[in-house]
Amino acid sequence: RVHTDGITSLALGGGFLATASDDRTIGVWDVSGREPRVTWRSRAHDFLVNALLLAGSPPSLWSSSSDGTIKHWSWPELEVVESLSTTELLGERASLAAFWLGGGPAGDGTERVVAGTWRNALVDFERADGAWRATRHPIASAGAYSLTRIGQEDALLVVGVDPGRLYVYDLERRRLLGVALP
């Protein structure tokens with residue numbers, strides 16, 4: 001048994017599978033053989049782990065948590081590379097849910113992180129001159145549950161819940177727009 005609570009997210013890459021859980025842990029499984037084998041399990045955040053993403057080449061793992069942090073991990077060894085804190089960057093803790101990784105000049109996904117919160121906001125983290133900064137964008141929905149890039153556009157589609165709404169986040173202009181639903 002790897003987790004003591006529900007699994008919230010999965011990420012697969014290079015013969016390994018990462019599992020995140022409401023029990024605050026991330027587990028890494030070697031799935032290259034006949035039987036999956038746990039290679040790492042540890043407490044990853046101070047509260048629920050909500051989402052995982054693999055990005056870059058070579059890949060690295062990113063996680064978001066209700067503790068208000070996004071963590072960047074080496075893959076598959078899972079050593080913390082860096083941690084982004086809403087408390088430090090915004091002056092308030094914002095429980096983080098789904099997120100999107102955007103490209104810097106090398107396209108490796110490490111220069112921009114846009115995260116949904118469970119507190120009526122979208123947070124745009126951006127690295128400039130080696131330092132991270134964050135901007136909070138209010139939304140009508142209590143949670144930003146899913147984020148995805150819209151085709152080749154420089155925009156994200158954001159799915160909000162409670163109430164259910166769609167938003168478009170213009171990455172270039174850093175502007176959030178509501179989408180009228182039929």
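Visitor: What does the accessible surface of the protein chain come to, and what percentage belongs to carbon and sulfur atoms?

Guide: Accessible areas come from the Shrake-Rupley method with a 1.4 Å probe; for residues, only the protein chains shown count as cover. Here the accessible surface is about 9100 Å², and carbon and sulfur atoms own 49% of that. One caution: this is a predicted model, where local features need pLDDT of at least 70, side-chain atom pairs count only at pLDDT 80 or more, and totals for chains, interfaces and linings use all residues. Residues are numbered from 1 along each chain as its sequence is written, and side-chain values use heavy atoms, leaving out hydrogens and water.

Visitor: How many helices and strands does the protein chain have?

Guide: Helices (H or I, at least four residues) and strands (E, at least two) are DSSP runs, numbered from the N terminus. This chain has 1 helix and 16 strands. Its radius of gyration is 16 Å, close to the 16 Å of the globule rule for 182 residues, so the chain is as compact as a globular protein of that length. That radius is taken over C-alpha atoms; the rule is 2.2 Å times the number of residues to the power 0.38. The C-alpha atoms fill a box of roughly 50 × 35 × 35 Å along the principal axes.

Visitor: What percentage of the residues is buried?

Guide: Buried means under 20% relative accessible area, exposed over 50%, and partly exposed in between (1.4 Å probe, protein chains only). In this chain, 47% of the 182 residues are buried.

Visitor: How many salt bridges does the structure hold?

Guide: A salt bridge is a side-chain nitrogen of Lys or Arg within 4 Å of a carboxyl oxygen of Asp or Glu. The structure holds 10. One of them pairs Asp 46 with Arg 43, at 3.3 Å from N to O. Asp 46 is exposed, with 55% relative accessibility.

Visitor: Where do Arg 136 and Glu 92 sit in the chain?

Guide: Their side chains form a salt bridge, 3.7 Å from N to O. It links distant parts of the chain: Arg 136 is in strand E12 (residues 131-138), while Glu 92 is in the loop between helix H1 (86-90) and strand E9 (96-102), 44 residues apart. Arg 136 is partly exposed at 32%, and Glu 92 is partly exposed at 28%.

Visitor: Which residues join Glu 111 in a network of salt bridges?

Guide: Start with the pair. Glu 111 bridges to Arg 127, with the closest N and O atoms 3.6 Å apart. Glu 111 lies in the loop between E9 and strand E10 (112-117), and Arg 127 in strand E11 (residues 121-128), 16 residues apart. Salt bridges with shared partners then join Glu 82, Glu 111 and Arg 127 into one network.

Visitor: Where are cis peptide bonds found?

Guide: Look at omega. Ser 57 and Pro 58 are joined by a cis bond, with omega about 0 degrees. Pro 58 lies in the loop between strand E5 (49-55) and strand E6 (60-65). The bond from Asp 162 to Pro 163 is also cis, with omega near 0 degrees. Pro 163 is in the loop between strand E14 (155-161) and strand E15 (165-170).

Visitor: What is phi of Asp 162?

Guide: Phi is near 60 degrees, a positive value in a residue other than glycine. Asp 162 is exposed, at 62% relative accessibility. Asp 129 has a positive phi too, near 55 degrees. Asp 129 sits in the loop between E11 and E12 and is exposed at 85%.
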